[in-house]
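Dear colleague,

Please find the structure below, passed on to you for your records. My notes on two parts of it follow.

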Amino acid sequence: MKPRTPLLAFALVAATLAVPPAQAQADTTVSVSVNARAGLESVGDASIGVNHAVWDAELGTNAVADLMKNAGVQAMRYPGGSYSDIYHWRDNTAPGGYVAPNTDFDHFMAGVQRAGSQAVVIANYGTGTPQEAADWVRYANVEKHYGVKYWEIGNELYGNGHYGSAWEADDHADKSPAAYAENVKQFAQAMKAVDPTVKIGAVLTTPGNWPDGIVAGGDAGTWNQVVLSIAGPSVDFVILHWYPGGSGAADALSKTAQVTDAVWLVRRQIDKYAHKDLGISLTEINAGYGQNTQPGALFAADAYASLVAAGVFTVDWWNVHNGIGTTSTVEGQPDYGDFGLLSSGGCNSDGSVCEPALNTPFAPYHALAMLSKFARPGDQLLRAAASDPLVKVHAARRANGDLAVLLVNEDPAAAKPVTLSYAGYSPAASAQVLSYGNGGTAITTTTGSATSVTLAPYSLTTLVLHPTGSTAGPARPGRPVASAVTATDATLTWTASAGTGLKYEIHRQNGAITEQWGETTATTFTAHNLRPGTRYTVNVIARDGSGRVSWASAPVIFQTGTPAGSSCAVTFADVNDWGNGYVGSIDITNTGTNPIDTWNLAFSWPTAWQQFSGGWNGTWSATGNSVLATNADFNKVIAPGATVNVGFVGGYSGPNVPPALFTLNGALCTTR
């Protein structure tokens, strides 16, 4: 969700996560490691995006288009959040809302083309029809030859009142996820009949954000389960929005730690319910604190890089212009509570505080500009890590052999001396250094060292490195596919690199360190002795007879299961969820041949933002992320083949990853 114009306002619901105060000292050198063998996802041609809205009189103007071009913006979304579900493109109207002059589709596309960007268009689901959407596709791609590739079906339709909160227009009598999904199929069919090349997106909820996890009356499952099950085969990508909130700068900046788990859960939902490889987009995002100042910029840089590294193909900031909100001072800089990238030039209600001149860039604009200089389409992001939790680091390998390192110093007071080391890459001694600091009005460029740099407080820094010698090598192998995954084994298969006499190395990522599992001349490898209930990220690298190595393949991520045979089995279920907490049910079955007399069940929370709040049918305790339940008197004995049930209340303020492993009296149980 996000701030809207007053005509379509709603409350921002956001959970907060307590973060301990920073203890890092300015005189402590931070160690940063970059591993070129640990490949992540690659940058696409729509990765850095923004939102436009038809109530913005600056939409499509040359001044704004040029600013977007200068920032390297690759995608522009239109016609703007909740307005999308009341907007009619043909006559440029939004009944019940305001549409500024010269904001029609052609004006928007003129700005997109001038900026060298591409469009992401939201078809009107709430008050529109499949025919209206198909006509828009025909006008855009057949008549005008705009080549608009990405089309969303509606905006935040889970906010249509089905779960109690209603901010999104939806004239359909049935507002359930099943009705939305069935209608999405009709939209997709009508739009692809006009242009089969378009990509259609369906609205999902973001894990850990309302109404994720909630099953409304009469529904067969959560919004995501139902929409993916019905519409998944008919669409090409899914749509997430993320406004993580925060109780202050440190809390807001910590939210980027949730990205990996959120995207992982969405991929699991897609695999389970859609049975199809769907792209993931995040078409609205903004910072939870300091939207116009350095916290907003630091959040934007870290969030965009993290999301793209996880495989999100477009990340779109809300908004280009939004308007003045609650004003404050953040780390010595004026913050206007404005969710726009650029100043709207307005004043607050009593005229006591005014924004800078129209179209003046705010700090997050410069973060997007830094991102476009850090990682370009076709670059592969790499695993990197820092010894100081207040320094976030991302790395990208370029087709020409260069390597870029983005460093984010989240300490508002202390400079951070950094030393850098590289695995699988040999940089030349000098590097181009791009910097953006607190209160800055532009990115500065200097020359420095490839192995050391000092980060100013609250700053963004990018090092661009050149290799020593040739980086030529075999083509990188295809992304591995994991199959036959058990508790301890997994078989990986990949597409061969071009060439002969190649060997393939299999590397498991463990933070910024890679563990080589083995090598083979074949294109398949079975890993043994894996840990049950563990998530693995694996790359394959090709090596030729001269010792030259390829880039790392795109990664495969899989999770091992639990033993097929055990003396116990556990069935875990989320039986009642309300968006930031739930009732968990656990069935414990004795699968052995002897009675179990007296028992304790143990499991751990997978993340730091999950917690235990109380339980029943046993005595419960929790220490840190560990949870323990011991039997009550009435269920002390579990006969062979018998089942007892225990339950608990759990809370979460981020993606609610289910526990993977349960032990009964120390024995690892089969999870059903």
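In the pairing of the strands, Ala573 lies opposite Ser585 of E28. Please bear in mind that this is a predicted model.

The strand that pairs with E28 here is E27 (residues 568-577), and the two are antiparallel, with nine bridges between them. They make up a hairpin in which three residues separate the strands; in the turn, Gly579 has a positive phi of about 100 degrees.

Strand E28 (residues 581-590) is also joined to strand E35 (residues 643-652), again by nine bridges and in the antiparallel sense. In that pairing, Asp587 faces Asn645 of E35.

E27, in turn, pairs with E38 in the parallel sense, over two bridges. Ala569 has Thr670 in E38 as its bridge partner.

Taken together, these strands belong to an open, mixed sheet of five, ordered E31-E35-E28-E27-E38. Its edges are strand E31 (610-616) and strand E38 (670-671), each of which pairs on one side only.

Leaving aside residues up to four places away in sequence, Ala202 is in contact with Tyr180, Val184, Val227, Val235, Phe237, Val238 and Ile239. Of these, Val227 is 25 residues from Ala202 along the chain, and their C-alpha atoms are 7.8 Å apart.

With kind regards

Key:
Residues are numbered from 1 along each chain as its sequence is written. This is a predicted model: local features need pLDDT of at least 70, side-chain atom pairs count only at pLDDT 80 or more; totals for chains, interfaces and linings use all residues. Side-chain values use heavy atoms; hydrogens and water are left out. Contact means heavy atoms within 4.5 Å. Two strands pair if DSSP finds at least two bridges between them. Helices (H or I, at least four residues) and strands (E, at least two) are DSSP runs, numbered from the N terminus.
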